[in-house]
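Here's a quick briefing to read with the model open beside you. Have a look at the fold before going through the points.

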Amino acid sequence: MMMLSRNIRISAGFRALYRQSVRCISYVQGQSPEPKVREYFYYIDHQGQLFMDDTKVKNFITCFKDTKFLAFFFKRLKINNKERYIEQFPYLSPCGVERNFIRCDDRPIVFTQILEHDNTSPDKGEETSSECLDRLSCNFTGDKYTIPMEPEKICMLPRSGRIYHPAPGKTGGVGLIKSSVAIELSKHFEFGEAGEYAPPTHFNWKGQRYTLTNELVELMTDEERGEIGTLP
């Protein structure tokens, strides 16, 4: 739990200082600090796009797009457990002799697409299950790397408006939902007496009304918890 709750998201107040510290780090893509080891450095933006860290212009043209490579890369992603670059690059995606160090704008796992499941019977056209069988696709991998969608565990921070969903524990346990997907999901929220100044209380999805647990708050930074207010 201590590892999962570590402050791995850089607060807004220190973001500029963080970027400056990253610029001060000296590295060479493909460097070999010891025999049979090569090191590479990557960056993930808040839309879930993956770049080489030293790419000067980061946009759709310069990001990685091959879904097989992206799935391979993100399935191996975890919190950096090496002694090297642990502050500037909090995540690592090991691959054989390669150490792929990663930093990100928010969270390394970004859910970029909802893969909806057809809950109807092919014979009668009737709903066969009330359980949510939809899946969330990670970081533009299509159907090659997905996790089950858990509607009751979606968590929205009222100040930033960003929406989060559980992610694999080895990556910190919290994933960000891409802004265009978040806009669509926000239409299904219900708010309590405090209105939009507090997190939503319910989420309506495919005929089901889910009470939101907001349990992801336990894995968030102090700054993020401050947006939740009085929630535990």
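What follows is a short tour, starting with the whole chain and moving on to a few local spots.

Keep in mind that this is a predicted model. The chain has 4 helices and 14 strands, and 45% of its 232 residues are buried.

**The chain as a whole**

- Take the contacts between residues at least 6 apart in sequence: 55% of them join residues at least 24 apart.
- The chain exposes about 12400 Å², with carbon and sulfur atoms supplying 53% of that area.

- Strand β10 covers residues 163-166, and both of its faces are covered. On one side sit Ile-163 and His-165, on the other Tyr-164 and Pro-166, and all of them are buried.
- As background, side chains in a regular strand alternate between the two faces of the sheet.
- On one flank, β10 pairs with strand β9 (residues 155-156) in the antiparallel sense, over 2 bridges. Here Met-156 has Ile-163 as its bridge partner.
- The hairpin of β9 and β10 has 6 residues between the strands, and Gly-161 takes a positive phi near 80° there.
- Strand β11 (residues 174-177) also runs antiparallel to β10, joined to it by 3 bridges. Look for His-165 standing opposite Gly-175 of β11.

- Asp-106 lies in the loop between β5 (98-104) and β6 (110-115). Although it is in a loop, Asp-106 counts as buried because its relative accessibility is 1%, against a cut-off of under 20%.
- The side chain of Asp-106 makes a polar contact with the side chain of Tyr-164, at 2.9 Å. Tyr-164 is one of the buried residues of β10.
- Another polar contact, of 3.2 Å, joins the side chains of Asp-106 and Arg-107.
- Arg-107 also meets Glu-224 in a salt bridge between their side chains, 2.6 Å from N to O. Arg-107 is in the loop between β5 and β6 while Glu-224 is in helix α4 (residues 222-228), so this pair ties together parts that are 117 residues apart in sequence.
- Are these two partners buried or exposed? Arg-107 is buried at 3% relative accessibility, and Glu-224 is buried too, with a relative accessible area of 0%.

**Other salt bridges**

- The whole structure holds 15 salt bridges. In general, side chains of opposite charge can pair when their charged atoms come close.
- Glu-150 forms a salt bridge with Lys-153, with the closest N and O atoms 3.0 Å apart. Glu-150 is partly exposed, at 25% relative accessibility.
- Glu-184 does likewise with Lys-187, where the closest N and O atoms are 3.2 Å apart. Glu-184 is partly exposed at 43% relative accessibility, and Lys-187 is exposed, with a relative accessible area of 59%.
- Back at the charged network, salt bridges that share partners join Asp-105, Asp-106, Arg-107, Arg-162 and Glu-224 into one network.

**Around Glu-152**

- Glu-152 sits in the loop between β8 (146-148) and β9, and is partly exposed at 25% relative accessibility.
- Which residues does Glu-152 contact, leaving aside its neighbours within four places in sequence? They are Tyr-210, Thr-211, Leu-212 and Thr-213.
- The C-alpha atoms of Glu-152 and Arg-209 are separated by 8.9 Å, with the two residues 57 apart along the chain.

**Aromatic pairs**

- A search of the whole structure turns up 15 aromatic pairs. In Phe-41 and Phe-101 the ring centres are 5.5 Å apart and the planes are at 20°, so this pair is stacked.
- Phe-41 lies in strand β1 (residues 38-44) and Phe-101 in strand β5, so the pair ties together parts that are 60 residues apart in sequence. Phe-41 is buried, with a relative accessible area of 0%, and Phe-101 is buried, also at 0%.
- Tyr-85 and Phe-101 form an edge-to-face pair, 5.3 Å centre to centre with 65° between the planes. Tyr-85 is in the loop between β3 (78-79) and β4 (91-95), 16 residues from Phe-101.
- Tyr-85 is buried, with a relative accessible area of 14%.
- Ring pairs link Tyr-27, Phe-41, Tyr-85, Phe-89 and Phe-101 into a cluster.

Methods: Residues numbered from 1 in each chain as written. Predicted model: local features only at pLDDT ≥ 70, side-chain atom pairs only at ≥ 80, totals over all residues. Heavy atoms only, no water. Buried < 20%, exposed > 50% of the residue type's maximum accessible area, 1.4 Å probe, protein only. Contact = heavy atoms within 4.5 Å. Areas by Shrake-Rupley, 256 points an atom, 1.4 Å probe, with all protein chains shown as cover. Pairing = 2+ DSSP bridges. Polar contact = N/O pair within 3.5 Å; in protein donor to acceptor, adjacent residues only side chain to side chain. Salt bridge = Lys/Arg side-chain N within 4 Å of Asp/Glu carboxyl O. Phe/Tyr/Trp six-rings, centres within 6.5 Å; stacked < 30°, edge-to-face > 60°.
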